[in-house]
Every structure is written in structure tokens, then in C-alpha cells.
Amino acid sequence: MISLSNVSYAYDETPVIKSFSYDEYDPIITGLWGRNGAGKTTLMKLLAGHQKPAEGTIKIMGHQPYNNEKAQKHLCYMQEDHPFSDIWTVSDALRFYRYFNPNWNQNLAEQLLETFRLHQKKKTKKLSTGMKTALQVVIGLASQADVTILDEPTNGLDAGMRKEFYKLMLASYDAYPRLILISTHQIEELQPLLESIVVVHDGKPLMHESMDSVRERGIWLTGEIDKVNELVGSQRVYEENIMGSLKKVMIDAPLSSEWKERAKLSGVTLEKAQLQDYLLNITERVKEGMR
Ligand SMILES: Nc1ncnc2c1ncn2[C@@H]1O[C@H](COP(=O)(O)OP(=O)(O)OP(=O)(O)O)[C@@H](O)[C@H]1O
């Protein structure tokens with residue numbers, strides 16, 4: 001469905017995307033995660049054909065996306081900053097995107113407007129930040145594009161609206177499976193919906209794995225310093241805290257029955273680390289050159 005092969009991009013000669021390769025062959029919901037400035041938005045803009053790679057090739061449903069209608073008809077890209085014209089009403093915004101998206105589902109669009117309490121006659125410039133985001137979500141889902149790219153689609157949405165969005169995205173995906181690539185800083189909240197994750201770090205793909213395996217990774221071990229040290233052995237430690245005679249460390253191991261058994265035998269407590277903490281640690285480790 002999408003393919004990037006050795007793609008590079010620079011702003012004013014500062015490299016931002018560095019020899020990036022990444023493919024998705026089947027419909028899937030994939031999360032794009034990375035620290036601020038890692039290159040997620042730039043990567044999405046390249047995929048959406050808003051920018052042209054300096055090197056490498058990008059294919060969207062077999063077509064390079066830059067300035068190419070053949071690729072564009074398969075694409076819907078909702079960017080982080082709201083690109084609506086000041087003179088548009090909500091209904092004008094829908095009409096604009098409907099024109100460019102051959103799989104557009106008007107019934108779904110109208111249902112979604114109701115869910116998010118967006119009035120068709122309201123001027124887009126009078127929408128709050130959250131309501132503008134909601135309008136982008138409506139367009140992103142109603143487009144039913146083969147390749148749907150959503151950059152931070154929960155920015156400005158309150159908890160209730162985010163919950164609605166997650167529910168609607170899953171329902172829309174079940175009805176019309178496609179590739180939904182979604183960047184987020186709220187990974188803990190979004191992770192139950194994701195089937196795979198791409199971690200971008202310093203313009204490169206640090207990880208592309210199924211969520212099932214990533215969800216299990218990263219455990220905290222807490223106990224007497226000697227016991228913890230013995231259990232950890234030569235495992236790489238991501239984070240450690242010492243509290244009196246106790247030590248707490250995070251390691252890159254799965255929450256498996258083997259680890260549970262080993263921890264029990266050593267009298268060490270084992271708990272699953274939050275996904276966000278695990279991801280922060282793997283990117284910290286790269287920053288420190290410990291890879
Ligand atoms: N128009 C631009 N001109 C010059 N540099 C830019 C431009 N847009 C982004 N950059 C730089 O490119 C790098 C990657 O930015 P990008 O917006 O792609 O990252 P990001 O992962 O989406 O970040 P965030 O999570 O903060 O939104 C950053 O160092 C940023 O400062």
C-alpha cells in the first residue's frame with residue numbers, strides 16, 4: 001500500500017529524514033511515534049506528496065505521490081495545523097474534500113458531524129481548536145481513502161471527544177479496512193487501537209513492529225539491590241532508581257511467564273512498564289549512543 005525506500009529530505013540543507021525505508025502491504029492501523037522534532041510530520045508530508053524527497057522513492061498504491069493525481073486519489077492527509085480557508089463553512093470544507101476523495105462517504109460525514117456537534121453552516125474560522133480538529137477527523141474518516149494519514153488527530157480534543165474518535169475510527173476501519181497511519185504523543189491512550197507501531201528517531205525508523213510484541217516489552221524489577229543486580233545480569237538497564245536498600249530498574253524484556261518465575265524465585269517484584277516510558281527509554285538510549 002505504501003513504500004518508502006531510502007528516502008531523505010532536508011530543510012535548508014539540514015537533514016531531517018535520513019535514508020528512511022518503510023513499507024505497509026495490507027490494511028492496518030499503524031501508530032507513528034517519536035520525540036518532538038523526530039521527523040514525523042515531515043515524513044507524513046512526504047508520503048502525502050506535499051514535499052518531494054531529495055533522495056529515494058516513495059510509492060502510494062504503486063504511484064509516487066508528489067504532484068501526481070494517480071496517487072492523490074488514494075490519499076487523505078489531515079495535517080496538524082488546520083488548512084481550512086477563512087471563508088469556508090463546515091459544509092464547504094466537506095465539499096472540497098469530497099471532490100478529491102472518490103471513496104467519500106457522505107452519510108458517514110453527516111453522522112460524524114452530529115456526533116461532534118459541528119454545524120454545517122458554521123464558518124471554519126469561528127471553530128475552536130478542538131472543533132477544527134474534530135472537523136479534520138470527520139474528513140479523515142469520511143474520505144475512506146486507501147491511505148489515510150492523520151497527524152496528531154487528537155490535538156485539542158477533550159477526553160470525551162477523544163473517546164468518540166477512537167470508537168468511530170475503529171467502526172469506520174471495520175466497515176472499510178484501509179491503511180490508517182496516525183501520529184500521536186498520546187500513545188498510552190491510542191495503543192489499544194493500533195496493530196503496529198513505527199518509532200521515528202532523528203529522521204530514521206528506530207522500530208517497526210506489531211503492537212502485540214511491543215505491548216509486552218519493558219518491565220520494572222524492584223527488590224533488594226543484590227537480588228535485582230543478580231536477576232538483571234548482563235541485561236541492558238534503561239532506567240534505575242535506588243531507594244535505601246531497594247533498587248528499581250527497567251529492562252527491555254517481555255512480561256513472560258519465564259520472567260515472572262525468575263522474579264518470584266529471587267523475591268523481586270515485577271511489573272509492566274508503561275508503553276510511553278518504554279518508548280522514551282529506547283529513544284534516550286539512542287541519544288546517549290548506547291545502542
Ligand atoms: N519548514 C521547516 N523549515 C525548517 N525546518 C523545519 C521545518 N519544518 C520542520 N523543521 C525541522 O525539521 C525537524 C523535524 O520536524 P517535524 O515537524 O517533522 O518533527 P515531528 O516529529 O513532527 O515533531 P513534533 O512531534 O514536535 O510535531 C525539526 O528539527 C524541525 O525543527
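Visitor: Which residue in strand 4 stands opposite S3?

Guide: A word first on what a strand is here: helices (H or I, at least four residues) and strands (E, at least two) are DSSP runs, numbered from the N terminus, and two strands pair if DSSP finds at least two bridges between them. In this structure, the residue of strand 4 that stands opposite S3 is K59. This is a predicted model, in which local features need pLDDT of at least 70 and side-chain atom pairs count only at pLDDT 80 or more, whereas totals for chains, interfaces and linings use all residues. Residues are numbered from 1 along each chain as its sequence is written.

Visitor: How many bridges join strand 1 to strand 4, and which residue of strand 4 stands opposite S8?

Guide: Strand 1 (residues 2-11) runs antiparallel to strand 4 and is joined to that strand by five bridges; S8 has E55 of strand 4 opposite. Strand 1 also pairs with strand 2 in the antiparallel sense, here over seven bridges, and along that pairing S3 faces D23 while V7 faces F20. The hairpin of strand 1 and strand 2 has two residues between the strands, and D12 in this hairpin takes a positive phi near 45°.

Visitor: In what order do the strands of this open sheet lie?

Guide: The three strands are arranged as 2-1-4, with antiparallel pairing. Strand 2 (14-24) and strand 4 (55-60) each have a single partner strand and stand at the edges, so one side of each is left without a neighbour in the sheet. From one strand to the next, the twist averages 25°. For such angles, axes are lines fitted to C-alpha atoms, for helices over the stretch in contact, and the angles run from 0 to 180 degrees between N-to-C directions. Helix 1 packs on this sheet, where the helix touches strand 1, strand 2 and strand 4 and makes about 60° with the direction of strand 2; touching is read as contact, in which the C-beta atoms of two residues, placed from the backbone, lie within 7 Å.

Visitor: Which residues surround the ligand?

Guide: Here a residue is near a molecule or strand if its C-beta atom, placed from the backbone, lies within 6 Å of it. The residues around the ligand are Y11, D12, V16, G34, N36, G37, A38, G39, K40, T41 and T42. Helix 1 (residues 40-47) provides the largest share of this shell, three residues. For residue classes, Ala, Val, Leu, Ile, Met, Phe, Trp, Tyr, Cys and Pro count as nonpolar, Asp, Glu, Lys and Arg as charged, and the others, Gly among them, as polar. On that basis the shell holds three nonpolar, six polar and two charged residues.

Visitor: At what angle do helix 5 and helix 6 pack?

Guide: Angles under 35 degrees count as roughly parallel, over 145 as roughly antiparallel, 65 to 115 as roughly perpendicular and the rest as oblique. Helix 5 (residues 129-142) packs against helix 6 (residues 159-175) at about 5°, with the axes 11 Å apart, which means that helix 5 is roughly parallel to helix 6. In this contact, G130, A134, V137 and L141 of helix 5 meet M161, F165, L168, M169 and S172 of helix 6, and the contact residues comprise seven nonpolar, two polar and no charged.

Visitor: Into which domains is the chain divided?

Guide: Domain bounds come from an automatic or database domain assignment, and the chain is divided into domain 1 (2-202) and domain 2 (214-287). Their centres, taken over C-alpha atoms, are separated by 36 Å, and the contact takes eight residues from each of domain 1 and domain 2.
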